[in-house]
Amino acid sequence: MNKLKIAVQKSGRLNEDSMRILKEIGISVDNGKDQLKASARNFPLEVFYLRNGDIPQYLRDGVVDAAIIGENVLIEKGNDLTIVERLGFSKCKVSIAVPKSSKATSLKDLDGKRIATSYPNTVNQYLEKVGVKANLHIINGSVEIAPNIGLADGICDIVSSGSTLFKNGLKEIDVLLKSEAVLATSPLISEENQELIDKIQFRLKSVLKGRGSKYVLLNAPNENLEKIIGLLPGMKSPTVLPLATEGWSSVHSVINKNDFWEIIDELKANGAEGILVCPIENMVL
Ligand SMILES: Nc1ncnc2c1ncn2[C@@H]1O[C@H](COP(=O)(O)OP(=O)(O)OP(=O)(O)O)[C@@H](O)[C@H]1O
Ligand SMILES: O=P(O)(O)OC[C@H]1O[C@H](OP(=O)(O)OP(=O)(O)O)[C@H](O)[C@@H]1O
Ligand SMILES: [Mg+2]
């Protein structure tokens, strides 16, 4: 039987969330710490556990049809590959940083200076864009230590909370790009497997939409019903059902997770009671 081959990071920051999202779209696979390959039980799919940094080449060569990978790695090594869906986890920046005492305030100020990085193509691309020449020192890890040991004047590396920069006495002066985990495909993917990717993408969209939303149920006094409905967008419009107690209605709706607390406050101010907020597993639109 034909199977879709999908790569996920073998171990590291992307592994757990990648396996979780596969599970949430109804695909169960063993998360094999010691195996390189596993078959899904309920979908024509094989998972290959690989190094994040090696995945762009595997995609290009068609060894795998698709992959869950850090967008920053695709930009560095796979600019030619197609991003199918942004997945909303492993969010980070790729930034330029310098010692706190440095006068540099942007990449432009590093003209003629030494920059340590694991992302030479990304840095070169931006250096060209701003018309600056710098000497790149390519290292694979612990990049933030480079200025402290006299190896570089600045660095380009991943920043998330900023605590690694802080611990190493560095400050961020430029953000080259923002990244998150993405689903990417091989240029050599067959039509048959592209159909499977379309299926996966459809499921991913509904899971991601559900993650960003909440289901709200509340009791509303009828005299304020219009105001309360105005606060709740819903998918089409909120559902309103009469309560057994006269003068009251039950209102059901979907709200954006980010607006949640503000809307709740306004609902309460308008007399809403018994407000229940539930997570949504899937939203099929
Ligand atoms: N501190 C962080 N916060 C959020 N996301 C991060 C952070 N560091 C890295 N990432 C994202 O997670 C991806 C995987 O990072 P991780 O450190 O696990 O692997 P790696 O060493 O880059 O890759 P490999 O699998 O090749 O060893 C990165 O490519 C990036 O997209
Ligand atoms: O801004 P922060 O939240 O401190 O995160 C940034 C750090 O996280 C990553 O390293 P990681 O912990 O993945 O170690 P690694 O270099 O071994 O991959 C990255 O290379 C930075 O050093
Ligand atoms: Mg890392």
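**Notebook: a first look around the model**

I started at serine 18, whose place is in helix H1. Helices here are DSSP runs of H or I with at least four residues, strands are runs of E with at least two, and both are numbered from the N terminus. I noted that this is a predicted model, where local features need pLDDT of at least 70, side-chain atom pairs count only at pLDDT 80 or more, and totals for chains, interfaces and linings use all residues. Residues are numbered from 1 along each chain as its sequence is written, chains are lettered from A and ligands numbered from 1 in the order in which they are written, and side-chain values use heavy atoms, with hydrogens and water left out.

**Serine 18, continued**

Is serine 18 buried or exposed? I found it at 0% relative accessibility, so serine 18 counts as buried. The cut-offs I used: buried is under 20% relative accessible area, exposed is over 50%, and partly exposed is in between, with a 1.4 Å probe and protein chains only. Then I listed what serine 18 is in contact with, leaving aside neighbours within four places in sequence: Val8, Ile68 and Phe89. Contact means heavy atoms within 4.5 Å.

**The cores**

Next I looked for nonpolar cores, meaning sets of buried Ala, Val, Leu, Ile, Met, Phe, Trp, Tyr and Cys residues joined through side-chain atoms within 4.5 Å. In soluble globular proteins, nonpolar side chains tend to be buried together. The largest core here has 29 residues, and those with the most contacts inside it are Ile27, Val29, Leu45, Val47, Leu87, Leu183 and Ile200. At least two residues of this core come from each of strand E1 (4-9), helix H1 (15-24), strand E3 (45-50), strand E4 (66-70), strand E11 (181-185) and helix H6 (191-211). Which element gives the most to this core? H6 does, with 5 residues.

**Leucine 127**

I moved on to helix H4 (residues 120-130), where leucine 127 lies. Leucine 127 has a relative accessible area of 3%, so I put it down as buried. Apart from residues up to four places away in sequence, leucine 127 touches Leu107, Ile115, Val132, Ala134 and Leu136. I also took the C-alpha to C-alpha distance to leucine 110: 9.4 Å in space, for 17 residues in sequence.

**Ligand 1**

Which residues come nearest to ligand 1? Of the 15 residues around ligand 1, they are Gln9, Arg13, Arg51, Asn52 and Asn72. (A residue is near a molecule if one of its heavy atoms lies within 4 Å of it.) I then went through some polar contacts, which are pairs of N or O atoms within 3.5 Å. A polar backbone atom of asparagine 52 is 2.8 Å from an oxygen atom of ligand 1, and a polar side-chain atom of asparagine 72 lies 2.5 Å from an oxygen atom of ligand 1. From serine 160, a side-chain N or O atom is 3.3 Å from a nitrogen atom of ligand 1. On its own ligand 1 has 620 Å² of accessible area, and the protein covers 77% of that. Accessible areas come from the Shrake-Rupley method with a 1.4 Å probe, and for residues only the protein chains shown count as cover.

I went back to asparagine 52, found in the loop between E3 and helix H2 (55-61). At a relative accessible area of 15%, asparagine 52 is buried. Leaving out residues up to four places away in sequence, asparagine 52 touches Gln9, Leu14, Ile69, Gly70 and Val73.

**Ligand 2**

The surroundings of ligand 2 include Arg13, Glu144, Asp157 and Thr164. For glutamate 144, I found a side-chain N or O atom 2.6 Å from an oxygen atom of ligand 2. Serine 161 also has a side-chain N or O atom 2.6 Å from an oxygen atom of ligand 2. With serine 160, a backbone N or O atom lies 2.7 Å from an oxygen atom of ligand 2. Taken alone, ligand 2 exposes 490 Å², of which the protein buries 61%.

**Two serines with positive phi**

Serine 90 has a phi near 50°, positive in a residue other than glycine. I located serine 90 in the loop between strand E5 (82-86) and strand E6 (92-99), and serine 90 is partly exposed at 26% relative accessible area. Serine 142 is not a glycine, yet has a positive phi of about 45°. Serine 142 lies in the loop between strand E8 (135-138) and strand E9 (154-159), and counts as exposed at 55% relative accessibility.

Terms used: A polar contact is a pair of N or O atoms within 3.5 Å; within protein, one must be able to donate a hydrogen and the other to accept it, and residues adjacent in sequence count only if both atoms are side-chain atoms.
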